Amino acid sequence: MAIDIHVHAVLVKELTDNRPDLLRDARELFDLRTSPQPLSTLLGEMDECGIERCVLLPINCERALGSKMPSNGEISELVSRGERRLVGFSSVDPSMGKDALTDLRQSHDALGLKGLKLNPALQNFDPGGVEALEIYREAEKLEMPILVHTGLTFSNKFSIKFNHPLIYDDIARKHSKLKICLAHMGWPWVLDAVSVTVRNPNVYLDTAGTFAGTPTETLRQITSIVSTRVIENTLGDRLIFGSDYPRIEMNKMFNAVSSLPLRRDVLDAIMRDNAIAFLGEC
Amino acid sequence: MKFKTEKLSVKSSRSTELIRITEEVCKTVQSTGMKNGIVNVFTLHTTTGITINEDDTKLEEDIARFMVKLVPEDESYAHHRYFRKDGRMAVNAYSHIRASLLGANVTIPLQDGVLVLGSRQNIYLVDLDGPQTRGLVVQVVGE
């Protein structure tokens with residue numbers, strides 16, 4: 001069995017049918033223009049791959065772009081429909097100061113969301129700024145792991161400098177109990193993301209993303225930069241399976257990651273155990 | 001001569017799957033009230049095909065496996081690049097090629113309100129990039 005920690009809940013038909021603006025925003029702001037699919041399609045993909053649980057991610061871009069894709073409440077609603085197989089994350093905008101802190105506490109206490117998703121270059125905030133540090137402090141207190149977009153984003157609305165993985169070295173050292181996952185292995189800054197991960201035991205990486213082609217082509221390119229030996233011996237307990245669905249079908253990413261030429265115990269850790277270590281009790 | 005056009009929704013559960021749709025097509029045709037003419041079953045997608053074949057589960061597996069073997073996934077496809085129309089990487093050229101080999105529609109005669117099919121013939125939607133929920137059009141031309 002496996003866990004997918006990187007699923008975007010933007011093109012779920014149950015949400016877009018009631019909220020046409022979400023469909024418009026997914027297309028115009030998140031640059032994702034595939035057709036909405038019912039929640040049952042996601043659950044069907046999970047069944048096909050033997051994925052027991054997945055993490056649903058929202059992105060709160062209300063200040064930057066006028067949209068929550070989707071809202072924390074909508075994530076919570078999907079989790080309740082997900083046959084106990086969906087884990088909901090929250091998203092807040094650190095630039096909103098005290099309101100963001102309130103949102104984060106409420107999403108944890110009232111909505112039962114388990115972690116925090118941030119995408120600095122889409123939300124247009126400085127991840128090393130004072131307001132973001134307040135959010136990290138609160139997330140650490142609430143024991144909410146953070147999954148942060150690092151590396152390339154196709155949308156060029158805001159500066160990509162906020163997506164650099166090296167930013168999280170200082171944050172990880174300052175908040176040593178805060179678990180941080182650098183999504184997409186920071187592609188194309190993969191070695192920078194790896195270096196932050198190697199020196200900070202509270203930092204993880206996820207496999208999500210297909211920036212270099214198909215999942216197989218992307219992983220082939222990554223393993224040409226970071227050898228399988230380094231993955232097995234150094235990142236084996238910190239690399240987590242994530243698909244980036246619906247930017248890529250879950251089964252395609254699952255097949256590519258689970259076919260990596262790695263030791264069986266390391267593959268098992270990547271596909272499941274490391275996600276459990278990152279998520280804690282979910 | 002009249003035209004009646006209806007839509008159907010079909011859900012797949014595997015990446016490559018033959019789904020029997022004869023019963024749904026028959027019900028849809030009956031609901032139009034048309035008795036004689038031709039029925040066209042058309043898929044609205046570029047990574048699905050429509051075909052008619054024998055309704056044997058093992059043959060369904062054979063066809064699915066042969067399509068996968070015939071058009072391999074791990075090739076150097078020109079389609080595989082950032083695809084602005086979708087806002088993501090295009091990674092499924094093989095699904096499109098498989099779909100092209102099958103075709104997007106079949107036409108079946110309609111006589112006295114019944115689809116004229118051989119005893120072994122079954123209509124299939126072939127999903128080549130599932131699992132997904134797919135849309136079909138059933139159009140009856142006749143009277």
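Predicted model: local features only at pLDDT ≥ 70, side-chain atom pairs only at ≥ 80, totals over all residues.
Which strands of chain B does helix H3 (residues 93–102) of chain B lie across, and at what angle to E4(B) does it run?

**Stop 1**

Select residues 93–102 of chain B. This helix, H3(B), lies across E4 and E9 of chain B and runs at about 45° to E4(B). E4(B) and strand E9 (residues 121–127) of chain B are antiparallel and are joined by 7 bridges. To find one of the paired positions, display Ile52(B), whose bridge partner in E9(B) is Ile123(B).

Now extend the selection to the whole sheet. It is an open sheet of 3 strands in the order E2-E9-E4 (chain B), and its pairing is antiparallel. Strand E2 (17–20) and strand E4 (48–54) of chain B are the edge strands, each pairing on one side only. From one strand to the next, the twist averages 35°.

**Stop 2: chain B as a whole**

Colour chain B by secondary structure. The chain has 3 helices and 10 strands, and from the N terminus on its elements follow the order β-β-α-β-β-α-β-β-α-β-β-β-β. The C-alpha trace of chain B spans about 50 × 35 × 20 Å along its principal axes. Of the 143 residues in chain B, 29% are buried. Among the contacts in chain B with a separation of 6 or more, 83% are between residues 24 or more positions apart.

**Stop 3: where the chains meet**

Show both chains and select the residues in contact between them: 22 residues come from chain A and 16 residues from chain B. On the side of chain A that touches chain B, helix H3 (39–49), helix H11 (215–225) and helix H13 (250–258) of chain A each supply at least two residues. H3(A) provides the largest share of that side, 6 residues. Colouring the chain A side by residue class shows 5 nonpolar, 10 polar and 7 charged residues.

**Stop 4: the sheet of chain A**

E1(A) pairs in the parallel sense with strand E2 (residues 51–57) of chain A over 5 bridges. Within this pair, Ile3(A) has Arg53(A) as its bridge partner in E2(A).

**Stop 5**

Select residues 180–183 of chain A, strand E8, and show the side chains. Ile180(A) and Leu182(A) point one way, Cys181(A) and Ala183(A) point the other way, and all are buried. In a regular strand, side chains alternate between the two faces of the sheet.

Strand E7 (residues 146–149) of chain A is joined to E8(A) by 4 bridges, and the two run parallel. Across this pair, Val148(A) stands opposite Leu182(A), and Leu147(A) stands opposite Cys181(A). Trace the chain from E7(A) through helix H9 (residues 167–174) of chain A to E8(A): this β-α-β crossover is right-handed.

Next, select strand E9 (residues 203–206) of chain A, which runs parallel to E8(A) and is joined to that strand by 3 bridges. Here Cys181(A) stands opposite Tyr204(A). E8(A), helix H10 (residues 190–199) of chain A and E9(A) form a right-handed β-α-β unit.

**Stop 6: the nonpolar cores**

Display the largest nonpolar core, which has 95 residues; those with the most contacts inside it include Ile180(A), Cys181(A), Leu182(A) and Leu205(A). Helix H14 (residues 264–279) of chain A gives the most to this core, with 7 residues. Centre the view on Leu205(A), whose contacts beyond four places in sequence include Cys181(A), Leu182(A), Met185(A), Leu235(A) and Ile240(A).

Finally, return to chain B and select Ile21(B), Val29(B), Val39(B) and Leu125(B), which are among the 19 residues of a second, separate core.

Terms used: Residues numbered from 1 in each chain as written. Chains lettered and ligands numbered in written order. Buried ≥ 20, exposed ≤ 12 C-beta atoms within 10 Å, placed from the backbone. Contact = placed C-beta atoms within 7 Å. Core = buried A, V, L, I, M, F, W, Y, C linked by C-beta atoms within 7 Å. Pairing = 2+ DSSP bridges. Axes fitted to C-alpha atoms, helices over the stretch in contact; angles between N-to-C directions. Nonpolar A, V, L, I, M, F, W, Y, C, P; charged D, E, K, R; others polar. Right-handed = clockwise from strand over helix to strand, strands pointing away.
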